Amino acid sequence: MLVIVLENAPDRLRGRLAVWLLEVRAGVYVGDYSVKVREMIVQNIEEGLEDGNAVVLWSSPNETGFDFLTMGESRRIPKEMDGIKLISFLPDTSE
């Protein structure tokens, strides 16, 4: 299983992902591909993300059953603790 969530991504990247994955909601893509295809999709996201941000999740044989990576700026920062990835929130600086 592969899940991708995009925020503030260019339309051309969203359109490209819609070719390979099912867009189940605006900016949320789901599919099931091999590691090689997932890496190709991640490379396309890295090249086309511009000022947006993304999180890519996939099934993985670890304790949580999944792994993920994030790209672009976001308040949610992955932190690894005792071999498990967790999410840390940065303070809101918009006010």
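This section describes the sheet, the helices, the hairpin and the salt bridges of a predicted model.

Local features were considered at pLDDT of at least 70 and side-chain atom pairs at pLDDT 80 or more, whereas totals for chains, interfaces and linings use all residues. Residues are numbered from 1 along each chain as its sequence is written, and side-chain values use heavy atoms, with hydrogens and water left out.

Helices (H or I, at least four residues) and strands (E, at least two) are DSSP runs, numbered from the N terminus. Strands are taken as paired if DSSP finds at least two bridges between them. Five strands form an open sheet in the order β2-β3-β1-β4-β5, with antiparallel pairing. The edges are held by β2 (22–25) and β5. Each has a single partner strand, so one side of each lacks a neighbour in the sheet. On average, neighbouring strands of this sheet are turned by 20° against each other, direction ignored.

Axes are lines fitted to C-alpha atoms, for helices over the stretch in contact, and angles run from 0 to 180 degrees between N-to-C directions. Contact means heavy atoms within 4.5 Å. Helix α1 touches β1 (2–7), β2 and β3, and its direction makes about 165° with that of β1. Helix α2 touches β1, β4 and β5, and its direction makes about 5° with that of β1.

The helices also meet each other. The axes of α1 and α2 come within 10 Å and cross at roughly 170°. The two helices are therefore roughly antiparallel (angles over 145 degrees; under 35 counts as roughly parallel, 65 to 115 as roughly perpendicular and the rest as oblique). Leu13, Arg16, Leu17 and Trp20 of α1 make the contact with Met40, Ile41, Asn44, Ile45 and Gly48 of α2. These residues divide into six nonpolar, two polar and one charged. Here Ala, Val, Leu, Ile, Met, Phe, Trp, Tyr, Cys and Pro count as nonpolar, Asp, Glu, Lys and Arg as charged, and the others, Gly among them, as polar.

Burial is assigned from relative accessible area: buried under 20%, exposed over 50%, partly exposed in between (1.4 Å probe, protein chains only). Asn44 is buried at 13%. Not counting residues up to four places away in sequence, Asn44 touches Leu13, Arg16 and Trp20. Gly48 is also in helix α2 and is buried at 16% relative accessibility. With residues up to four places away in sequence left out, Gly48 touches Pro10 and Leu13. Gly48 and Met1 are 47 residues apart in sequence, and their C-alpha atoms are 22 Å apart in space.

A further strand pair forms a hairpin. Six bridges join strand β6 (residues 76–81) to β7, and the strands run antiparallel. Lys79 stands opposite Leu86 in β7. Two residues lie between the strands of the hairpin, and Asp82 takes a positive phi near 55°. Pro78 lies in strand β6 and is partly exposed, with a relative accessible area of 29%. Apart from neighbours within four places in sequence, Pro78 contacts Phe68, Thr70, Leu86 and Ile87. The C-alpha atoms of Pro78 and Phe89 are separated by 8.9 Å, at 11 residues along the chain.

A search of the whole structure finds three salt bridges. A salt bridge is a side-chain nitrogen of Lys or Arg within 4 Å of a carboxyl oxygen of Asp or Glu. Glu50 pairs with Arg12, the closest N and O atoms being 2.1 Å apart. This pair links distant parts of the chain, 38 residues apart: Glu50 is in the loop between α2 (35–48) and β4 (53–59), and Arg12 is in helix α1 (residues 11–20). Glu50 is exposed at 53%, and Arg12 is exposed at 59%. Glu23 pairs with Arg14, with the closest N and O atoms 3.0 Å apart. Glu23 is partly exposed at 32%, and Arg14 is partly exposed at 27%. Lys85 pairs with Asp67, and their closest N and O atoms are 3.1 Å apart. Lys85 lies in strand β7 (residues 84–89) and Asp67 in strand β5 (residues 66–71), so the pair ties together parts that are 18 residues apart in sequence. Lys85 is partly exposed at 33%, as is Asp67 at 21%.
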